[in-house]
Amino acid sequence: MNVDVPSLFRRLALLLAACLATAAVAAEPLDQWNWRGLGPKESFKGDNYHDVVAQKDLLVVIGSGGKALLRKGDTWKPVDLGTQHALHGVVIANGTLFAVGDRGTLLASRGGEVWTPRDSTVSVPLFAIMYTDNVFVTVGDGGMILTSGYGRIWLHQPSRTIDPLYGVGFDRETFLAVGANGTILKSADGTFWLPQTSGSDRRLRAVAPGNGLFVVVGERGTILTSPDGAKWTTRESGTNKALSGVTYGAGTFVAVGSLGTILTSTDGITWKARASGVKHDLNSATFAEHSFWIAGSNGAILESAELP
């Protein structure tokens with residue numbers, strides 16, 4: 001029997017292309033991550049970004065050496081924040097941006113282009129900042145907790161710990177701060193804080209509320225959940241990679257970490273590994289309009305495909 005080999009290969013190639021196209025269409029949005037960094041991802045050259053925040057059409061990324069990027073529409077604009085200190089956390093409050101970092105650095109900006117220093121009253125590194133209902137809370141090294149009503153006058157609050165605090169969050173009248181050695185602190189007003197039993201001795205890096213649940217992430221793939229910030233349950237993450245950031249949006253938690261790790265969950269209990277397409281360390285995530293954004297090391301900025 002004679003076989004038309006070239007014709008057979010052509011048919012196989014067409015069949016393979018059709019299968020790949022079908023798979024691409026069927027792929028979930030959270031398995032489709034687009035590189036949005038300034039340079040090519042293969043170069044591993046670029047600034048280390050520590051946090052990302054979004055509101056409407058404004059996206060801001062901050063990081064090492066006081067570096068920041070401002071995105072309006074489809075264009076990135078490097079911004080001079082007037083400091084060489086590493087910045088670790090950023091938040092938007094009523095249209096004003098606040099960023100915190102090393103040596104007690106605290107900066108504010110209306111719109112993200114011009115930044116002015118504010119007096120934090122401290123000189124220790126500040127790692128995270130949040131805002132809700134006219135209350136700012138920022139946390140840092142040595143158990144540092146500062147609060148402010150309008151972002152101008154900052155007050156030191158007793159934390160009852162000397163462990164570094166890396167993350168802070170709020171939901172349903174409960175503030176939480178998380179840090180080294182499994183530290184979790186809880187407060188009803190941001191001023192009076194009590195330690196909670198986390199059941200972990202690992203470094204906890206970030207906390208996010210969503211769907212009636214708090215989710216905390218940390219080193220060696222640690223994920224903890226709690227409905228009230230007091231009783232904590234360890235969840236199986238499926239990874240031993242360090243997890244540095246977590247956020248909630250569109251009914252989904254997204255946790256990020258070292259070597260391109262991305263995990264997602266709709267309930268905070270069962271987690272699924274996602275293909276990020278990068279090997280960069282990923283430090284922070286946020287939800288903006290219809291997609292998630294991630295900031296990381298060596299110039300890494302990722303955007304998910306648009307969610308329905």
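A salt bridge here is a side-chain nitrogen of Lys or Arg within 4 Å of a carboxyl oxygen of Asp or Glu. The model on screen is predicted.

**Stop 1: confidence**

Colour the chain by pLDDT. The average over the protein chain is 92, and 92% of the residues score at least 70. Next, select residues 19-25. Their pLDDT stays under 50, and the model has one contact beyond four places in sequence for this stretch.

**Stop 2: Arg172 and Asp171**

Select Arg172 and Asp171, and show their side chains. The two form a salt bridge, with the closest N and O atoms 3.2 Å apart. Arg172 is partly exposed at a relative accessible area of 47%, and Asp171 is partly exposed as well, at 21%. The backbone of Arg172 also deserves a look: its phi is positive, about 50 degrees, although the residue is not a glycine. Arg172 sits in the loop between β14 (165-171) and β15 (174-179).

**Stop 3: Ala250**

Move to Ala250, in the loop between β22 (243-249) and β23 (252-257). Ala250 has a positive phi near 50 degrees and is a residue other than glycine. Its relative accessible area of 45% makes Ala250 partly exposed.

**Stop 4: Arg274 and its partners**

The salt bridges in this model number seven. Select Arg274, Glu28 and Asp31 to see two of them. The side chains of Arg274 and Glu28 meet at 3.0 Å, N to O. This pair links distant parts of the chain: Arg274 belongs to strand β25 (residues 272-274), while Glu28 lies in the loop between α1 (5-26) and β1, 246 residues apart. Asp31 forms a salt bridge with Arg274 too, its closest N and O atoms lying 3.2 Å apart. Asp31 is in the loop between α1 and β1, 243 residues from Arg274 in strand β25.

Which of these residues are buried and which are partly exposed? Arg274 has a relative accessible area of 13%; the cut-off for buried is under 20%, so Arg274 is buried. Glu28, at 35%, counts as partly exposed, and Asp31 is partly exposed at 28%.

**Stop 5: the four-stranded sheet**

Switch to a cartoon view and select β1, β26, β27 and β28. These four strands form an open sheet in the order β1-β28-β27-β26, with antiparallel pairing. β1 (33-35) and β26 (282-288) stand at the edges; each has a single partner strand, so one side of each is left without a neighbour in the sheet. Neighbouring strands are turned against each other by 25 degrees on average, direction ignored.

Zoom in on β1 and its partner β28 (residues 301-304). The two pair in the antiparallel sense over three bridges. Opposite Trp35 stands Leu302 in β28.

**Stop 6: the largest nonpolar core**

In soluble globular proteins, nonpolar side chains tend to be buried together. Select Val60, Leu81, Leu97 and Trp115. Of the 15 residues in the largest nonpolar core, these four touch the most other members.

Finish on Val60. Which residues does Val60 touch, not counting those up to four places away in sequence? They are Asp51, Val52, Val53, Leu69, Leu70 and Leu97.

Key: Residues are numbered from 1 along each chain as its sequence is written. This is a predicted model: local features need pLDDT of at least 70, side-chain atom pairs count only at pLDDT 80 or more; totals for chains, interfaces and linings use all residues. Side-chain values use heavy atoms; hydrogens and water are left out. Two strands pair if DSSP finds at least two bridges between them. Axes are lines fitted to C-alpha atoms, for helices over the stretch in contact, and angles run from 0 to 180 degrees between N-to-C directions. A nonpolar core is a set of buried Ala, Val, Leu, Ile, Met, Phe, Trp, Tyr and Cys residues joined through side-chain atoms within 4.5 Å. Buried means under 20% relative accessible area, exposed over 50%, partly exposed in between (1.4 Å probe, protein chains only). Contact means heavy atoms within 4.5 Å. pLDDT is the predictor's confidence in each residue, from 0 to 100.
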